[in-house]
Protein chains: 2
Amino acid sequence: MAKSVLDMSMSLDGFVAGPNETPDNGLGDNGGRLHWWFARGAETPHGGVPGRPGDVDGEVMDEMIATGAVVAGRGTVDPAGWWNGDHHDGVPVFILSRTKSAAEVEQWPLITVLDDVGEAIGRAKEAAGDRDVLVHGVGCAAAAIEAGVLDQLQIHLVPTLLGAGRRLFEGIDPDRRHDFELTSVREGRGVTHLRYRVVR
Amino acid sequence: MAKSVLDMSMSLDGFVAGPNETPDNGLGDNGGRLHWWFARGAETPHGGVPGRPGDVDGEVMDEMIATGAVVAGRGTVDPAGWWNGDHHDGVPVFILSRTKSAAEVEQWPLITVLDDVGEAIGRAKEAAGDRDVLVHGVGCAAAAIEAGVLDQLQIHLVPTLLGAGRRLFEGIDPDRRHDFELTSVREGRGVTHLRYRVVR
């Protein structure tokens, strides 16, 4: 059965984007560092091309694009230009938003806008069949964790400090217990891929 | 030669203590979870005694107490009752504090209070000889990183979300680059020990 898996690159100090995010600076100052590991074909200070097929980062990328549906929030999809309506391979995309009638959505038949995270993940799992559901974004993370509808968490931990910006974990209720169990660690290039199961 | 190694247990959302820290609640609400892995002899929900000699957590603990000097800040040492003057095995302890003349210090000959992190780590390295220097605490972390006097970072990453509390990385200048390189990953019980080299 499909599992919902939050997949996010995070700095060691907990940020998913640096400060001063703008449409032209989508990941904020120095935030691009968080994505070196999957920037296939990009030049990186490691002196190579990360995420090549066959290596650890490529394997992680391949798993992400083997998912059968995507759930994301407006904060993720807006800066990404709604992925031009197709996140990967034509799988259904469920966007969590309180603004249901985004005019742009009509042109993209793969995209459905919903305001309830439980419904979004439920419908995504149904659509994904045997495959997993890729969950993306800060708002989705908190909503899915608090609603108890997240099954796994994959953090691509990038050993850098951004010092400011957008944090992955915001709006988590400190009065509730949220525990995870490590299921795998993989060392990539300039990144450690940590996969956890949500303990309920 | 001695290396300065910051050693801290941190939740997945970046906290080293939960909210509502008081003298009787030194790690804040739920903050005790961060220390299960080294609470030798303590009962834990894992159903066992962590940090036993011979296992990974025990090995990590042994390395920490094999250090030849300690550098810590007031925020660490005050709640710990100044470790009664001896952090471990009688090694010298350098406390970073702007209040030099803490009356209590006089009774503890192993403890020196200094207000400059560079001097504190320099003197600790000298005292440690061939052994490493254990660096502890949030204030020390930021000061040592910003001053460029930290050599390594060992994060004991605990897969829980505290939601609020005291963050490990605070006061890091976002305009400077702080990069690290992973040198080892060890899986303990309910914790992942990540060791990084500071890239200068």
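**Exercise 1.** In which sense do strand E1 and strand E6 of chain B pair, and over how many bridges?

*Solution.* Start with the ground rules: this is a predicted model, in which local features need pLDDT of at least 70, side-chain atom pairs count only at pLDDT 80 or more, and totals for chains, interfaces and linings use all residues. Residues are numbered from 1 along each chain as its sequence is written, while chains are lettered from A and ligands numbered from 1 in the order in which they are written.

Next, find E1(B) at residues 4–11 and E6(B) at residues 133–136. Strands (E, at least two residues) and helices (H or I, at least four) are DSSP runs numbered from the N terminus, and two strands pair if DSSP finds at least two bridges between them. Here the pairing is parallel, over 3 bridges. Leu6(B), for instance, has Val135(B) in E6(B) as its bridge partner.

**Exercise 2.** Describe how H3 and H4 of chain A cross.

*Solution.* Take H3(A), residues 117–128, and H4(A), residues 138–147: their axes come within 9 Å and cross at roughly 90 degrees. Axes are lines fitted to C-alpha atoms, for helices over the stretch in contact, with angles from 0 to 180 degrees between N-to-C directions. The two helices are therefore roughly perpendicular (65 to 115 degrees).

Definitions and conventions
Angles under 35 degrees count as roughly parallel, over 145 as roughly antiparallel, 65 to 115 as roughly perpendicular and the rest as oblique.
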